[in-house]
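Student: I'd like a close look at one interface here, please. Can you take me through what holds it together, and then show me another contact for context?

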Amino acid sequence: MFPAAFDYIAPGALDEVLSLLSQHGDDAKVLAGGQSLIPLLKLRFASPVIVIDIGRVDGLEGIRQENGHVRIGARTRHRDVESATDLRGTLDVLLDAAPLISDPLIRNMGTVGGSICHADPAGDWGAVMLAVGAEFVVRSSGGERVLPAVGFFEGPFTTGLHADEVMTEIRIPVGAGRSGGTYLKLERKVGDFASVATAVHVVLGGDGRISSAGIGLCAVGAQSIKATAAEAALVGQTPSDAVIAEAARLAGAAAEPKADIRGSAEYKRDVARVFVQRGLHTAINRAQGATA
Amino acid sequence: MAVDTTEAEAARQAMGGIGVSLPRKEDARFIHGQGHYVDDVVLPGMLHMVVVRSPHAHARIRGIDTSAAMAIPGVIAVVTGELLAQHKLAWMPTLSGDTQAVLATDKVRFQGQEVACVIAETKYIAEDAAALVSVDYEPLQAVTTPQQALAAGAPVIRDEKEGQTDNKIYHWEAGDAAATDAAFARAAKVVKLSTYYPRCHPSPLETCGCVADLDPVTGNATIYMTSQAPHAHRTLFAIVAGLPEEKIRIISPDLGGGFGNKVPIYPGYVVATAASLLIGRPVKWIEDRTENLISTGFARDYYMDGEMAIDEDGKFIGLRAHLLSDNGAFFADAQPSKFKAGLFHIVTGSYDIPAAHIVADGAYTNKAPGGVAYRCSFRVTEASYLIERLVENIAVELGEDPVTTRLNNFIQPEAFPYHSASGFEYDSGDYPAAMKVALDMLGYDELRKEQAEKRAKGELMGIGVASFTEVVGAGKGKDYDIAGLRMFDSAELRVHPTGKAILKLGVKSQGQGHETTFAQIVAEELGIPASDIEVREGDTDNTPFGLGTYASRSTPVGGAATAMVARKLRDKGKLIAAHLFEADVADIEFDHGKYIVKGSPDNVKTIQDIAFAAYTNLPEGLEAGLEGVTYYDPPNMTFPFGTYMVVVDIDKGTGQVKVRRMVAVDDCGVRINPMIVEGQIHGGLTEGFGIAFMELITFDDEGNCIGSNFMDYLIPTAWETPRFELGETVTPSPHHPIGAKGVGESATVGSPAAFVNAVIDALSHLGITNIDMPVTSDKVWAALRSKGVTE
Amino acid sequence: MKITVNMNGAERSAEAEPRTLLVDFIRTKLGMTGTHIGCDTSNCGACTVLLDGRPVKSCTVLAVQVEGKNITTVEGLAKGGKLHPIQEGFHAEHGLQCGFCTPGMMLVGAALIEANPHPTEDEIRWGISGNICRCTGYMNIVKAIQHAAAANAAENIAGVA
C-alpha cells in the first residue's frame, strides 16, 4: 500500500507555505506529522497534486504560558503535551488525554494541530479543546484569524479552516480559580480510536461553587460535541452527587451516536453519561484539592 | 554427592539434551536484523505482482478492460482468468477436494477474490496500474451466513459445479445415534448450549507471498514461498501447474509466523509462478495486510449446538453436538481428507461420556474460503470451546461449583488408554492432577470467598475454569491424509567425521524454535552437544519429504522421526564400536554419547570417535558413513491436556472486562526445552485472549468484510494482554519415543472457554448464561442492561 | 529526488520519488531488510525505526520527511561486533519466536530504557503498546527489556567504579 504520485515541497518559512497554499488551493495538502494524512494517501482516499511539508518551518512547536493563556504551537507533537507535566493542576484534561491518543510511536510523530485540522469525529483533541474553551490561530497569505473551538468542527473531517490557511497555534485560556479535569476514553485496545470519550474541565470559585464547566464528547456524533446543557447545569452549583448525576444525564442526552461494530447507539450514549459522571467526580476532587 | 549432582547437571546443561532450557540457536540472525523472509528475497530482473480483487461479494463478470493498466510505463503484463484458462489454470484443486478459482472467470464469489494480476517493474507501478484495471460487474445477491445459504431459494453460489443445485457442501456424522438417544431418554436432566464461534484469522505478522523464479531454458522452478508445508506444496504444485516435480524447488525461508495461515495454496502463488514461466523473469508477490485478512485462510465460523444428558448423580451420560460450518465460497479447509469437520469429534473432551453423537453440515457462502485451524489441530478448538462452555452451564444449572462438576465427570487416570464414544483412543492423562495444581496456584477457595463478598456489594467478579483435552500429531497415515498424502513425517540425520551433525526435517518452523528443540532431541539420543547440531528445514531439494508443521504435529511426528533416526545411527555406532573394541556387538552398551564394552566402563569410545571411524576405520562389509533417514508414521495421535483458570472483574458502567489473573497448567508430556514450551504457551494464551475478547472477521449484509485491516481486526498489545502464571504436570505419551505430546496449540484451544466462562461466572447469578465471542464491552453492557443492571 | 539520511551513523543517499515510504526507502533503496512491513496501517510496529532517537513507524513516514535526519534501524544496534544490551536481553529471555516483530520491539525497548533506565513492568507494557507481537504473548519481551535495563545499570555502576 502506497500513495499515488504527488509533488512535494518543504518550505523553510511560513510565508512560502502560505503563498503555495494560495496558489494551489484544494490541490494541495499540508503535511505536518503525517499520522493522519499518510494513511489517507496510502489508502488513496486523498490524492493531492502537491504535498506541502511544514516540518521545516520554524516557530510552530512548543508549549508556553503567557498572558493568561497556554499556547501550543500547532506542530507540537502529542508526545510533547504528554510530557508537559507543568500543565498538571491547570489543564489536567490535556495531560490525561495526550497519552490516550493512538499509541506511543504515533504520538512521537503526530501533531496537535494536525489532528485538530483532520477533525476526525473520533479524534481526541476536538473534545478536549471544546471542554477547555480553546481558540485556534490560523494564517493565510491574507492575514490571521482566531477561531473559537466552538463552531470549528463542522462535520466529519470538516472544519472552519479554509483551503489556503494553516493552523499555527492553539490558545487555551487559564483563568483564576481552582481547576480540575480529566479525559476518559473507551477504546477496544491501545491505538484504537475512541468508541466513546469524554473531556471534562471545571473551575471552582472561592465559595466552592462551580464557576465554569466544560464538557466535550468524542466519537458520539458527526463531530466533536460540546455538551452545553450539561455545562449550564453545573455552573453556579455547589458540587454534589445529584448535581453531577444530572449534568451527566444531560451530557448523555447531548450525544448523537450511531450504532456500529463498537456498539449500539444506546450503549455509547450511556457510556458517555457514565464517563461524564465519573469524570466530573475526578475533576471536582482535583479542583477541590488544588490551591488557587 | 552434592558435587556429583552439580557436575552431572553441568554436563547435562552443556549437552543441551531433553529438559534443558537452552537459549535458541536461531536467535542470532533475528536479533541482528538478518532473518531472511520471503520479502527479503531480491533476484536479478525480478518483477512485482499486485492482485486486482473483487469489491463485490457476489457478482457476474461481464468484462475486464486491461488497456489503461497496460498503458502505464513499466507494466509488463496483466493476467486475467481468461488467459489462465487457456493454460488450464483458471481453477485449482483445494485441500478438501473441492475446486477454487485462481482468477475469476465467470463470477466473483467473495469480496477480495482474485480477478486479475498486474506484473510490473516495481511494486509502486504495479499498484498504480492495478487501480486502472476496469472490471464490469453485475452484482448478485450475497449470501453471508450458512443459515441463509441453506434456506430455500438461496442463490446458488457454486453454479459452475456440475450437479450442484444448492449451497450444501457436506454432511458428516460420528458416534452412535441410537446409544445417545437412549442416554437422553433416561436422563434426569438435559442442559443445552447454542453458541457461535465467530470467524477469526491467524494473521501472522508476516503476510503471505512468494518469489517465483522459473528458468525458461532449464525448466527449473525455484519458488520462495511462505509455506508451512513445502513438500506437500511442491507435490500439489506439480499436480496443479503440470510442472515436473523433480524440477520444482520450494524454499520456505524464515517465516514471520504462520498459525495455520500458511498451510493452503493461494491463487497468488499460482499466478506468480505462471507469470514467471510465461515472462521468463522472477516474479515477486507479497500480500498487504488487507489482502491477507480478506482472502487467505480464516478460522472457525462454526454455529454449534450441544446438549448433555445427565443422570441423577450429576454424571454425564450422553452428548449430542450439531454444528453448521460456514466454509466460504470454496471448500478449501486444510484438514485430513476423511474428516469433513476436522477432528471436531474430540468434543467429548476430558469427560467420561458413554454415548455421543456428532452431526456436522457445511455450507457455501459469499465469504473468503480456506478454513484453517488457527493455532489448532483441525477444529479441536471449536470442540473444546463447546464442551467447556457447556460444562460451565451445566454447573450453573446444577447449582454446583464448576470444579466439582468437572471432577465428578473426568476420565480417571486409571482409565487410560481410554476409548471415547466418538472413536478416539486417548493415549494418557491425569486430569484431576492438573486441576489440583491449577486450584492451588490460583488460591481458588479464597477467590470464591472474595467473589461472594463482592457480589453482596453488587460488584461483578468471575472465575472461569476450562479443562481441555486436545488431539494432535496426526497421522497415523492409514487414517489421516492431506489430499491423499499420508500424514507421516521425516528426519534425515548425518553425523560428519568430526562428530558434528546435520539434521534435515520435513516439518517447517514458523518461530517455534525447531533449530534448537530438534537439536536437543539428537543431543539426548546420541550425546552430541546440541551446539554441534545444525537443523535444516524448508528447502524441498535438501530435506526429506514431510507433511509440514501445523496441528501441533512437529514434535509428535517430526520429533519422533528425529529420535528414531538418531537411534538408528546409535545402533550402527554399536557395530563400529564392536569393531574398534574387537568385542561382540551384543556386549556393547551406549549411554549418552559413550560406547563401552559391558563390564569395562573405563574403556570408552565417544560418539565422536565412532563418527570418525565411520569414515576411516570400518568393519568389513559395513557401509561407510553415519547417516540415516526415518519416515515416522505415528501409531496414534497424542492427547495433551490441561486446566486453565481466569479471574475477571467487570465494570458495570461500561461492560469492560478486566482479566485480573490467568493460571495455565499444561500437560504436554515430556518437555524438550521448557523455555520454548512456555513461550509457546504464552503466545497461545494471548491468541486465545484475543479470540475471546477482540479478534473478529465479520460481514455486513452485502458481504463487505469488516475486519479487513489491523484498525478493525484487533490484536492484543502488551497493554491488554494479561500476565500469565504457568504450571505443569507431566504425563508422557506412552507411544511417543520420548514421551512428548506437542504444545504449540494447547493454549489457544483451551483458553477461550476459560476466559468466557469467567465472564459467565461473574454474570450467571443475574441469569446471563451466554455471550458469544468476542466478548466485547458493548455485549456485556447489553446483557447487564437486559437484566436491569446499570451504574 | 535524491534523499540523504544519516543511517546508523553513516550518511546514505538514494534517488526516490516523494511518495516513497521510509520503510520502502530503507528496504528497497538502501537494501537493508531488517525493517519489516506487517500491516501497512501503522498498527503493528514491525516497521519501527528510531528517528532522532525516538521510535516511529516507517510505513507512515515519507522518506523525504527525514532528509538530513538520524535514523537507527536494527542493523545499527550492535556496535563493533558487540551486541546492544537489548539484543542480549531478547536472546537470554526468549523474547522472540518468529523474529518478525523483533527489530521493532528491540528498537522501542532500547529507546525506552534510554529515556527511562529503570522502567516498571507497566511502563514497559505501555511503552511497547504500539508494537504487535503475534508469537510471544509479550511476557518474555517484558523480561528481555528488564534484562537490558539491568545490564545497563550494572554497566553504569561498573563504569563509575
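**Chain A against chain B**

Tutor: Between chain A and chain B there are five salt bridges (a side-chain nitrogen of Lys or Arg within 4 Å of a carboxyl oxygen of Asp or Glu). Keep in mind that this is a predicted model, so local features need pLDDT of at least 70 and side-chain atom pairs count only at pLDDT 80 or more, while totals for chains, interfaces and linings use all residues; side-chain values use heavy atoms, without hydrogens or water. As for labels, residues are numbered from 1 along each chain as its sequence is written, and chains are lettered from A and ligands numbered from 1 in the order written.

One salt bridge to look at pairs Arg278(A) with Glu791(B), with 2.4 Å between the closest N and O atoms.

On the chain A side, helix α10 (residues 265–289) gives the largest share, eight residues; helices here are DSSP runs (H or I) of at least four residues, and strands (E) of at least two, numbered from the N terminus. Sorted by class, that side has nine nonpolar, nine charged and two polar residues. Here Ala, Val, Leu, Ile, Met, Phe, Trp, Tyr, Cys and Pro count as nonpolar, Asp, Glu, Lys and Arg as charged, and the others, Gly among them, as polar.

In total, 20 residues of chain A and 26 of chain B take part in the contact (heavy atoms within 4.5 Å). About 2,100 Å² is buried between them, 55% of it from carbon and sulfur atoms; buried area is the accessible area (1.4 Å probe) that two parts lose on being put together, summed over both. Of what chain A buries against chain B, Phe2(A), Lys189(A) and Tyr267(A) supply 30%, more than any other three residues.

For context, turn to chain C, where the domain assignment gives domain 1 (2–76) and domain 2 (85–160), bounds that come from an automatic or database assignment. Domain 1 of chain C and domain 2 of chain C bury about 1,000 Å² between them, with 67% from carbon and sulfur atoms. No salt bridges turn up across that domain interface, though five residue pairs are in polar contact there, both at pLDDT 80 or more.

Notes. A polar contact is a pair of N or O atoms within 3.5 Å; within protein, one must be able to donate a hydrogen and the other to accept it, and residues adjacent in sequence count only if both atoms are side-chain atoms.
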